[in-house]
Amino acid sequence: MRTHKEKLRRLSMNDTERVLSGPSESLDAKTRAMLDLAALIAVDGPAAAFQTAASAALAAGATEDELVEILIAAASTVGTAHVVAAAPKLALAIGYDVEAALEQLTGDDRLH
């Protein structure tokens, strides 16, 4: 097992092949998938990538509520613009068409 210092040194030297090629030694599949989702929120990833990350997280035992909480937790770090952009992508990834739901809102349910 490589130490964290060796991994940091290799990554700092752009020796990524040795560090990134293997499976995570410390993170379980659920945590890894949830981190992937957080990274997608931060970089405004494509909808297809949200689908892949959400599917992996759910398959590893995450709940839909936990995935939404990742979105909310990311706001203080990445900003609300990234969260607003990611929300419909995550919604579709977990089977909820938020845009269709918004079209059906009437009266007081709509944002002003």
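Q: How much space lies in the largest pocket?
A: Rolling a probe the size of a water molecule over the atoms shows where empty space is left. Here, the largest pocket holds about 310 Å³ of space. On a 1 Å grid over the protein atoms alone, a pocket is an open set of points where a 1.4 Å probe fits, with protein on both sides within 12 Å along at least five of seven lines. The volume is the space filled by probe spheres set on the points. Keep in mind that this is a predicted model, where local features need pLDDT of at least 70 and side-chain atom pairs count only at pLDDT 80 or more, while totals for chains, interfaces and linings use all residues. Residues are numbered from 1 along each chain as its sequence is written, and side-chain values use heavy atoms, with hydrogens and water left out.

Q: Which residues lie nearest the centre of the largest pocket?
A: Val19, Gly22, Pro23, Ser24 and Glu25 do, out of 12 lining residues (lining means an atom within 4 Å of a point).

Q: At what angle do helix α3 and helix α4 pack?
A: Two packed helices are described by the angle between their axes and the distance between the axes. For α3 (residues 29-43) and α4 (residues 47-59), that's about 155°, with the axes 8 Å apart. So α3 is roughly antiparallel to α4 (angles over 145 degrees count as such).

Q: Which residues in α3 meet α4?
A: Ala33, Met34, Asp36, Leu37, Leu40 and Ile41 in α3 meet Ala49, Phe50, Ala53, Ala56 and Ala57 in α4.

Note on methods. Axes fitted to C-alpha atoms, helices over the stretch in contact; angles between N-to-C directions. Helix = DSSP H or I, 4+ residues; strand = E, 2+ residues; numbered from the N terminus. Parallel < 35°, antiparallel > 145°, perpendicular 65-115°, else oblique. Contact = heavy atoms within 4.5 Å.
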